[in-house]
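Here is a friendly briefing to read alongside the model. Keep the viewer open and follow the topics in turn.

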Amino acid sequence: MTRKLIVALHGVGSNARDMMSALKPLTAQSDVVALDGPEPFHANSLGRQWFSVAGVTEANRPGRVQAAIPKLLEMLDRVAQDYGVRRDDLVLTGFSQGAIMTLALVAGGHFHGRAVAIAGRLAAEVSAHAQPANVLLVHDRDDPVMPPPLSVEASAALSRAGHQVQGASTEGVGHGVGEATTTIINRWLAAANLENAA
């Protein structure tokens, strides 16, 4: 079985080390590389972010996401080069703000591989001409920060654009990455390996 290379994007105010810890159960069958957001988080000296949430609104969020994409693409291409693979060979996995960035890359046609968005939302225009990606959306039913319908809306928008989207729900995790979350991801990746071997 070929091991996948997961590149993980943390939530706002967190960091790569915390994300690696949360995704440790995935290392049984995949290699995991967690990235630090390029910007410091203003409310926590140890935290990082992919874009600033200070004064963020529904109206200005997409612009901030769009502005953060070029730097993230540079980071992903550096990891891909280091491991001798293509960008689309990565399994892009984001939580919360990291999931927002993950979905934005898929929606904008910047990433066509396998992508996992945990507790995310779509904050980017969906290109109708992008090569399809394979996307897993995981959301807890009791998430108090990112309402679960946001994943439903993202699924519908990406599916209409031709992406292969699968949704899954957890219970009792809240806004986080729990054992149920990583179990779902491991099963999804295992199924992908079986498909590729067939």
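In this predicted model, Arg114 sits over the face of Trp188, 5.5 Å from the ring centre. Aromatic pairs are another matter, as a search of the whole structure finds 0 of them.

**Nonpolar cores**

- The largest nonpolar core has 38 residues, and Leu35, Trp50, Leu76, Met101 and Leu105 have the most contacts inside it.
- Two or more residues of this core come from each of these elements: strand 1 (4-9), strand 2 (30-35), helix 2 (61-83), helix 3 (97-107), strand 6 (114-118), strand 7 (134-140) and helix 4 (149-160).
- Helix 2 supplies the largest share of this core, with 9 residues.
- Another core, of 20 residues, lies apart from the largest one; Val32, Ala34, Val91 and Leu136 are among its members.
- For a look at the surroundings of Leu76, set aside its neighbours within four places in sequence: Leu76 is then in contact with Val7, Leu35, Arg87, Leu90, Leu92 and Leu105.

**Helix 3 and Thr102**

- Helix 3 is largely enclosed by the rest of the structure, because 11 of its 11 residues are buried.
- The buried residues of helix 3 include Gln97, Gly98 and Thr102 as well as Ile100, Met101, Leu103 and Leu105.
- Thr102, found in helix 3, is buried, with a relative accessible area of 0%.
- Which residues touch Thr102, once neighbours within four places in sequence are left aside? They are Leu9, Leu92, Thr93, Gly94, Ala115 and Val116.
- Thr102 and Gly120 are 18 residues apart along the chain, and 8.7 Å separates their C-alpha atoms.
- After helix 3 comes Gly109, with a positive phi near 80 degrees.

- Most residues other than glycine have a negative phi, which makes the next two residues worth a click.
- Ser96 has a positive phi, near 55 degrees, and is not a glycine.
- Ser96 belongs to the loop between strand 5 (91-95) and helix 3, and its 8% relative accessibility makes it buried.
- Ala119 is likewise not a glycine, and its phi is positive at about 55 degrees.
- The loop between strand 6 and strand 7 holds Ala119, which counts as buried at 3% relative accessibility.

- Thr182 has its place in helix 5 (residues 179-197).
- Thr182 counts as buried because its relative accessible area is 1%, which is under the 20% limit.
- Not counting residues up to four places away in sequence, Thr182 touches Ala22, Leu23, Pro25, Leu26 and Val177.
- Gly84 lies in the loop between helix 2 and strand 5.
- Gly84 counts as exposed because its relative accessibility is 66%, which is over the 50% limit.
- From Gly84 to Gly11 there are 73 residues in sequence and 27 Å in space, taken C-alpha to C-alpha.

**Cavity**

- How many cavities of 30 Å³ or more does the structure hold? There is 1.
- The largest cavity contains about 40 Å³ of space.
- Its lining is made up of Ile118, Ala119, Val138, His139, Asp140, Thr170, Val173, Gly174, Gly176 and Thr181.
- Strand 7 gives the largest share of the lining of the largest cavity, 3 residues.

**Second largest pocket**

- The volume of the second largest pocket is about 260 Å³.
- This pocket is lined by 16 residues, of which Pro62, Leu122, Ala123, Ala124 and Glu125 are the closest to its centre.
- Helix 2 and helix 4 are the elements that give two or more residues to the lining of the second largest pocket.

Conventions: Residues numbered from 1 in each chain as written. Predicted model: local features only at pLDDT ≥ 70, side-chain atom pairs only at ≥ 80, totals over all residues. Heavy atoms only, no water. Core = buried A, V, L, I, M, F, W, Y, C linked by side-chain atoms within 4.5 Å. Buried < 20%, exposed > 50% of the residue type's maximum accessible area, 1.4 Å probe, protein only. Helix = DSSP H or I, 4+ residues; strand = E, 2+ residues; numbered from the N terminus. Contact = heavy atoms within 4.5 Å. Phe/Tyr/Trp six-rings, centres within 6.5 Å; stacked < 30°, edge-to-face > 60°. Lys NZ or Arg CZ within 6 Å of the ring centre and 35° of its normal. 1 Å grid on protein atoms, 1.4 Å probe; cavity = no way out; pocket = protein on both sides within 12 Å on 5 of 7 lines; lining within 4 Å. Points joined across faces, edges and corners; volume = space filled by probe spheres on them.
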